[in-house]
2 protein chains.
Amino acid sequence: MNYEEFQKCGARVTLSLLAGKWKPLILFYLFTGSQRFTDLWRIMPRVSKKVLLEQLKEMEEAGLIRRVEKNGFPPEVFYELSEQGRTLGPLLKQLDEWGDNYIQTKE
Amino acid sequence: MNYEEFQKCGARVTLSLLAGKWKPLILFYLFTGSQRFTDLWRIMPRVSKKVLLEQLKEMEEAGLIRRVEKNGFPPEVFYELSEQGRTLGPLLKQLDEWGDNYIQTKE
DNA sequence: CCGCATCCGTGGCGATACTG
DNA sequence: CAGTATCGCCACGGATGCGG
């Protein structure tokens, strides 16, 4: 495997989708159900709205989540997992388990 | 789960260990066996020695790989997976498979 | 409430040259 | 050959304020 092949390989692609600082956390929350933007934002007090929007937009373009807008004023926007995004479940679980195990061995 | 918990959660830890631009590729190569530094470097023509060394050092400190030095001149240094690093095998495989699948659905 | 524009600091990454 | 020193870029993330 050379560099070009590596860039296209599955592992690289997957990691690039999860690479954003807040994306895994967003995914974890969305696994608990559809979330309103302002609620997502409130749960993560340290992220600016701008950045949160960026990450959501990227994930939406990647097809991992869906943006659901309810017309009216004030606006009401929900974000939820797509089918594609839901398939990340087992992967996130394994990432989590490996990490927990790793932490154990370091203590 | 709040932000602080998230920072310590397993998934986050795992992702942080794999986050370097060249780390997954390094791991893939090391899974094929112990590698001399200069060979690793030759295989990845686009990375500078400085950066490659940085990533190797971080992975060594994380306990994922081992640095094996053979005394003499010119110096001869090999890098190889630790037991800990070897346990990443199934995880990398799953990352790769999910990514391949993802790419399929995009075509 | 949601999204966008602007400005800015920082760190990861890279190029290059040099030492033992 | 392996590693260090120096310099610079730029994308990412963050702070703040405006507008629909």
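Trainee: Does B:L25 count as buried or exposed?
Mentor: Buried means under 20% relative accessible area, exposed means over 50%, and partly exposed lies in between (1.4 Å probe, protein chains only). The relative accessibility of B:L25 in this predicted model is 0%. B:L25 therefore counts as buried.

Trainee: Which pLDDT is required before side-chain atom pairs count?
Mentor: Residues are numbered from 1 along each chain as its sequence is written, chains are lettered from A and ligands numbered from 1 in the order in which they are written, and side-chain values use heavy atoms, with hydrogens and water left out. In this predicted model, totals for chains, interfaces and linings use all residues, local features need pLDDT of at least 70, and side-chain atom pairs count only at pLDDT 80 or more.

Trainee: Which residues are in contact with B:L25, leaving aside its neighbours within four places in sequence?
Mentor: B:L25 belongs to helix α3 (residues 23–30) of chain B. Helices (H or I, at least four residues) and strands (E, at least two) are DSSP runs numbered from the N terminus, and contact means heavy atoms within 4.5 Å. With neighbours within four places set aside, the partners of B:L25 are A:M1, A:F6 and B:M44.

Trainee: How many of the 8 residues of helix α3 of chain A are buried?
Mentor: The buried residues of α3(A) are A:K23, A:P24, A:L25, A:I26, A:L27, A:Y29 and A:L30. Helix α3 (residues 23–30) of chain A is largely enclosed by the rest of the structure, because the number of its 8 residues that are buried is 7.

Trainee: The side chain of A:Q55 reaches a backbone nitrogen; to which residue does that nitrogen belong?
Mentor: A:Q55 sits in helix α5 (residues 49–61) of chain A and is buried, because its relative accessible area is 10%. With neighbours within four places in sequence left aside, A:Q55 is in contact with A:G20, A:K21, A:W22, A:K23 and A:I26. At 3.2 Å, the side chain of A:Q55 reaches the backbone nitrogen of A:W22.

Trainee: With the side chain of which residue does the side chain of A:Q84 make a polar contact?
Mentor: A:Q84 lies in helix α6 (residues 83–86) of chain A and counts as buried, since its relative accessibility is 18%. Not counting residues up to four places away in sequence, A:Q84 touches A:G63, A:L64, B:W98, B:Y102, B:T105 and B:K106. A polar contact is a pair of N or O atoms within 3.5 Å; within protein, one must be able to donate a hydrogen and the other to accept it, and residues adjacent in sequence count only if both atoms are side-chain atoms. For A:Q84 the partner, at 3.2 Å, is B:T105.

Trainee: Is B:T32 buried or exposed?
Mentor: B:T32 is found in the loop between α3 and β1 (35–36) of chain B, and its side chain makes a polar contact of 3.2 Å with the side chain of B:Q35. Because its relative accessible area is 59%, B:T32 is exposed.

Trainee: What is the relative accessible area of B:L56?
Mentor: B:L56 has its place in helix α5 (residues 49–61) of chain B. Apart from neighbours within four places in sequence, its contacts are B:I26, B:F37, B:L40, B:I65 and B:Y79. B:L56 is buried, since its relative accessible area is 0%.

Trainee: How many disulfides does the structure hold over all chains?
Mentor: A:C9 is buried, with a relative accessible area of 11%, and B:C9 counts as buried at 10%. A disulfide is a pair of cysteine sulfur atoms within 2.5 Å. Over all chains, the number of disulfides is 0.

Trainee: Which element gives the most residues to the lining of the largest pocket?
Mentor: The largest pocket has a volume of about 270 Å³, and among its 18 lining residues the closest to its centre are A:L15, A:L18, A:A19, B:L15 and B:A19. A pocket is an open set of points on a 1 Å grid over the protein atoms alone, where a 1.4 Å probe fits, with protein on both sides within 12 Å along at least five of seven lines; lining residues have an atom within 4 Å of a point. Grid points are joined across faces, edges and corners, and the volume is the space filled by probe spheres set on the points. The element that gives the most, with 5 residues, is α2(B).
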